[in-house]
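The structure under review is shown first.

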Amino acid sequence: MSVWEALAVFAAGIGAGTINTVVGSGTLITFPVLLGIGLPPVTANVSNTLGLVPGSISGAIGYRRELRGQRPRMLRFGAAAALGGLIGAVLLLALPSGAFDAIVPALIAVALVLVVLQPRLSAAVKARRARNGTVPHRDGGLALLTGLLCASMYGGYFGAAQGIIYVALMGLLLDETLQRNNALKNILVLIVNAVATVFFLFVADFDWTAVLLIAVGSALGGQLGAKIGRRLPPPVLRGVIVAVGIVAIVQLLLR
């Protein structure tokens with residue numbers, strides 16, 4: 001790896017760590033850079049997954065205030081994320097590299113629609129519950145748990161826009177603020193990446209120079225992203241999520 005290639009990977013790590021903490025989809029920055037410097041796709045994917053773990057830790061620390069009172073959810077959702085991440089990591093090595101290419105852009109598009117409509121959908125659900133005299137499940141029930149499991153399987157496989165899917169699901173099924181859901185999203189992404197990394201350590205080859213550069217860059221970016229994301233009003237944060245999601249869809253379709 002040349003000096004310029006190393007600088008490009010490091011800069012991509014900062015960008016990915018920042019955008020992962022605010023929204024998600026940082027993989028769409030680092031993965032193409034790793035391919036561009038000549039790494040094979042699977043090596044690039046697993047090196048990227050390991051490199052982004054410090055960024056996820058950094059972002060979670062930056063959002064620690066919004067995590068207060070959510071420990072039961074972290075444990076419950078974290079278990080689903082760990083299982084899904086492991087399944088996704090296994091699928092990465094077992095399935096053809098293009099196995100999810102057709103469905104992922106559509107999946108992100110649906111998630112973006114849910115993010116945009118979430119305030120109206122939540123208001124409609126609350127009004128219906130008020131009329132029926134029912135109360136929501138505190139943790140979103142089986143529907144949310146199943147959705148998070150499936151999103152985590154995808155995250156363990158590739159992970160681009162995984163955070164957007166998490167935010168969309170929790171925004172629809174949890175009675176929480178967008179910032180608190182975003183904080184919880186960072187924990188789930190961290191768990192998926194960590195579980196997938198442990199699996200990859202035993203069965204896949206890493207480019208350790210790339211891992212180190214992305215790790216340092218993403219850790220710096222995680223702190224930067226937390227400072228930016230926590231200050232964004234909900235409408236602005238929602239707009240950022242949609243903008244990043246559209247870019248992700250375009251990039252995936254053009255690959």
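I began with the pair Arg180 and Glu176, which form a salt bridge with their closest N and O atoms 2.7 Å apart. I noted that shared partners join Arg73, Glu176 and Arg180 into one network of salt bridges. The model is a predicted one.

Arg73 is buried at 5% relative accessibility, and Glu176 is partly exposed at 22%.

I recorded a count of 3 salt bridges. One of them joins the side chains of Glu66 and Arg230, at 3.1 Å from N to O. Glu66 sits in the loop between H4 and H5, and Arg230 in the loop between H10 and helix H11, 164 residues apart. Because its relative accessibility is 12%, Glu66 counts as buried; Arg230, at 25%, is partly exposed.

I next examined helix H8 (residues 162-173) against H9, and found an angle of about 135 degrees with the axes 9 Å apart. H8 is therefore oblique to H9. The crossing is right-handed. By class, the contact comprises 8 nonpolar, 5 polar and 1 charged residues.

Finally, I checked helix H3 (residues 41-51): 9 of its 11 residues are buried, so the rest of the structure largely encloses H3. I listed helices H2, H5 and H9 among the elements covering its buried residues.

Methods
Residues numbered from 1 in each chain as written. Predicted model: local features only at pLDDT ≥ 70, side-chain atom pairs only at ≥ 80, totals over all residues. Heavy atoms only, no water. Buried < 20%, exposed > 50% of the residue type's maximum accessible area, 1.4 Å probe, protein only. Helix = DSSP H or I, 4+ residues; strand = E, 2+ residues; numbered from the N terminus. Contact = heavy atoms within 4.5 Å. Axes fitted to C-alpha atoms, helices over the stretch in contact; angles between N-to-C directions. Parallel < 35°, antiparallel > 145°, perpendicular 65-115°, else oblique. Left-handed = near helix turned anticlockwise from the far one by under 90°. Nonpolar A, V, L, I, M, F, W, Y, C, P; charged D, E, K, R; others polar. Salt bridge = Lys/Arg side-chain N within 4 Å of Asp/Glu carboxyl O.
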